[in-house]
Amino acid sequence: MGIFSKLNSILPGEGTLSTVDAARAAPPPSPLAPVNLQDQAEVAGVMMIAARIGDILLSSGSGNQDARAQIHAVTAAYGLWYCHIAITMNTITLSTSVGTKPKVPVSVFRVSRQMRTDFSKLHEVDRLIRSIQAGATSPAVAEAVLDELEARPREVRFKQAIWGWSALGGFAAILLGGGWFVALIAFVTSFVIVGTNEVLDRQGLPGFFQQVFGGIIATLPTAIIYHIAQNFGVQIRPSLIIASCIIVLVAGLSLVQSLQDAMTGAAVTGSARFFDTLLMTTGIVAGVAVGMQLAGVLGIDLPPIEATSPPNFNEAVLLVAASGVACAGFAYGSYGERSAISVSAASGVLGASVFHLIVYPLGVGTVAASGASALVIGLVGGLLARRFLVPPLITAVAGITPLLPGVMLYRSMYALLSEQTLVGFTNLFLALAIGGSLAAGVVLGEWLARRIRRPQSFRPYDALRRARRISLRRRRPGSVE
């Protein structure tokens, strides 16, 4: 028994698998297929159901390999085992052939047009895949469920979700060293940013310009509030408010998924997602730069970023608690269910505990400390997600949110606009290094969690092969049956 099998046997919830783990170990279909595999219409219908499920998985941020495995599990559950699946960024292609002589090719193509973080649909699709694999959902019922998911209104839920994003911004300010007044300003500013971007998104404005407007809103009103507070003798640190709003804008980007795709062999999809993440980050940087320039036009000079001393034990405990609330706010803002919110909060607390209480006090650099914390988030968060039947993607994305390098991005912009080119580019590359370290750590931790909770390999004919070899060895030379 290997070390991963031993860990699996002693952990609670033995036998609990995530949907993607079960999909990777799905057995071949039953000979009694629920659809007529000689009928082009029925085969195309099954492939379309699988493509629509893959659409929701990709738009929710699932990796290329995970989405492909779950799409194949759906087609196999309906008897269509031999089906080629190709995924490139946001396009899904399924192809197979029906009949004997001649064989008629059948293919389905689908494009995922809305790439946004929506954990509610991810939960529903996760349950739908499990039901299809169990043989409890017919193609007609699966189509009805998917129709209901696509027609579900988003406006009502957004009125609740915006409070989660605002909580993320407020507690991110506390994580960066701000007080409750600074956290309140960050809360309100995040509320305005997310609400404005939602209005712009409904008007069809591209995401890059939404990030630019978000950066402007994060900077210009903060500068005005800072100027007014100075006149009343109230001291605040505007850099913390701007940095916390940057974290809110960066939180929904697909950095983890892009590196996961690149590391698992989907280089094209990984490169496209990484470029998209880089482009959106560039929009934030441009917006912050424009906001600082507009503040200068109004005669408001933002103060330089002050260096902060490492937190003591009591402050570190407060940061750990704030990290849990920030992760819960992100999961709530992304329409997560109660179980996902709880598991995300637990993952954030564990990751922040490693960062603030163990690794960082030992003098480890920020990049290495971020990677170690992300490794714990990917490992323990992945195990918790499998224990409570939550898609592991949720804990991976939400858990690293408090560790995102919002301060580094703002510091690089401030230095570049202050003609400190070397300092600006140093902080910019440090921010990219921290982001890469977070993504690599959480991907490695998720891989370890998957190895620990991996299902048993399904090899139905191994026993027959072994029995045949044994029987041949026991036969005497020259014997006749």
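In the predicted model, Phe-208 is partly exposed, with a relative accessible area of 23%. Phe-209 is likewise partly exposed, at a relative accessible area of 41%. The ring centres of Phe-208 and Phe-209 are 5.4 Å apart and the planes stand at 85 degrees; because an angle over 60 degrees counts as edge-to-face, the pair is assigned to that class.

Aromatic pairs number four in the model. One of them joins Trp-165 and Phe-330, whose ring centres are separated by 5.3 Å and whose planes meet at 85 degrees, so this pair is edge-to-face. Trp-165 belongs to helix α7 (residues 155-175) and Phe-330 to helix α13 (residues 313-333), so the contact ties together parts that are 165 residues apart in sequence. Trp-165 and Phe-330 are both buried. A single aromatic cluster is formed by Trp-163, Phe-187 and Phe-191. A charge is also placed over a ring: Arg-387 lies over the face of Phe-388, 5.7 Å from the ring centre.

The unreviewed UniProt entry annotates transmembrane regions at residues 162-188, 208-228, 240-259, 279-300, 312-335, 355-381, 388-408 and 428-449. Two of these spans were examined for secondary structure. Residues 240-259 are 85% helix and 0% strand, with 28 Å between the end C-alpha atoms.

Note on methods:
Residues numbered from 1 in each chain as written. Predicted model: local features only at pLDDT ≥ 70, side-chain atom pairs only at ≥ 80, totals over all residues. Heavy atoms only, no water. UniProt positions renumbered as here; feature names shortened; annotations may be inferred. Helix = DSSP H or I, 4+ residues; strand = E, 2+ residues; numbered from the N terminus. Phe/Tyr/Trp six-rings, centres within 6.5 Å; stacked < 30°, edge-to-face > 60°. Buried < 20%, exposed > 50% of the residue type's maximum accessible area, 1.4 Å probe, protein only. Lys NZ or Arg CZ within 6 Å of the ring centre and 35° of its normal.
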